[in-house]
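Hi,

Here is the structure I promised to pass on. Have a look at it first, and then read my notes on what turned up.

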Amino acid sequence: MDTVVKKIVREVKRGNQEAFAELMELYKDKVFHIAFRMLGNSHEAQDVAQEAFLRAYTNIHSYDESRKFSTWIFRIATNLAIDRLRKKKPDFHLEDKVGGTENLDHYSRFASGEELPEDQVVKLEMQAWIQQEIMQLPPKYRSAIILKYLEDLSLKEISEVLNLPVATVKTRIHRGREALRKRLRES
Amino acid sequence: MACSRDHKRLIEQYLDEEITLAEARQLEDHVKVCPDCRQHLNELKKTVAIVQSASHFEAPEDMTEKVMNRLPKQTKSKKWNN
């Protein structure tokens, strides 16, 4: 896998655009998913994911091949998502209930038109609840939790994506986990 | 929480999967006798399981195409030639 990625990256560096499409095919789902979980909104997630790939393309020469490509592209995407969250500060807050609810539309798309069995409804509600709770976390805890529990990255990888010491990543995961636990308790 | 920092730390280590066998045993023994820590640990485990059960979304199918259309124009000579 890694050698394949390296080969593709080299092609891109040589100026081969078609090779970049291959690279995108490999990583677009993960990049989109991270952006979606960070922003709670599929439209914005698309914007951020696309922007991340455009930046990756433009800056491909600064990509250090001794590191994983995924770490690099996740970092670009996470930074863009955090920038975007910062820019829309007034409607985004810890207490903000609206932020994460747009995904309800996203889920209900699957449910359109037909009656769902009870267990499906429970599943959808649970999924909506998860995203809502993730959105309640401050972005610095949110990114750590997403990378750890949704993308299954190691602490070391997360520290590379977020450009933070492993100890800081741990603290953020602990605090994020604790905040989610408290909310789970209340709900 | 009435319990010592040490036990809290063990719970964190356990969840981070950075606990030694001896420490795991120590934690196990402790939660048997301490309902607070037991509950705390169980709630955290449940929280993690729920978050891990979040669905994975796929990117829209046309995303690659959209990005490719926005890349700066390339010269023909640089295309794949094998």
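This is a predicted model: local features need pLDDT of at least 70, side-chain atom pairs count only at pLDDT 80 or more; totals for chains, interfaces and linings use all residues.

Residues are numbered from 1 along each chain as its sequence is written, and chains are lettered from A and ligands numbered from 1 in the order in which they are written. Helices here are DSSP runs (H or I, at least four residues), as are strands (E, at least two), numbered from the N terminus.

Back to helix α1 of chain A, residues 2-13: its end C-alpha atoms are 16 Å apart, which agrees with the 16 Å that its 12 residues should span at 1.5 Å a residue. (The expected span is 1.5 Å times one less than the number of residues.)

Next, the helix pairs. Two packed helices are described by the angle between their axes and the distance between the axes. In chain A, α2 (residues 17-39) and α3 (residues 42-58) pack with their axes 8 Å apart, at an angle of about 140°. Axes are lines fitted to C-alpha atoms, for helices over the stretch in contact, and angles run from 0 to 180 degrees between N-to-C directions. That makes α2(A) oblique to α3(A); under 35 degrees counts as roughly parallel, over 145 as roughly antiparallel, 65 to 115 as roughly perpendicular and the rest as oblique.

Contact means C-beta atoms, placed from the backbone, within 7 Å. By class, this contact has 13 nonpolar, two polar and two charged residues. For the classes, Ala, Val, Leu, Ile, Met, Phe, Trp, Tyr, Cys and Pro count as nonpolar, Asp, Glu, Lys and Arg as charged, and the others, Gly among them, as polar.

Further along, UniProt (unreviewed entry) places "domain: RNA polymerase sigma factor 70 region 4 type" at residues 129-180 of chain A; such annotations may be inferred rather than shown by experiment. That span is 83% helix and 0% strand, with its end C-alpha atoms 11 Å apart.

Helices α7 (residues 139-150) and α8 (residues 155-162) of chain A cross at roughly 140°, their axes coming within 10 Å. The pair is therefore oblique, and α7(A) passes α8(A) in a right-handed crossing. Ser143(A), Ala144(A), Leu147(A) and Lys148(A) of α7(A) make the contact with Ile158(A), Val161(A) and Leu162(A) of α8(A).

The axes of α8(A) and α9(A) (residues 166-186) come within 9 Å and cross at roughly 100°, which makes the two roughly perpendicular. Here Ile158(A) and Leu162(A) are among the α8(A) residues that meet α9(A).

Finally, which chains touch? Chain B puts 29 residues into the contact and chain A 32. On the chain B side, α1 (5-15), α3 (35-52) and α4 (63-70) each supply at least two residues, and α3(B) gives the most, with eight.

Cheers

Note on methods:
Two residues are in contact if their C-beta atoms, placed from the backbone, lie within 7 Å. A crossing is left-handed if the near helix is turned anticlockwise from the far one by less than a right angle, and right-handed if clockwise.
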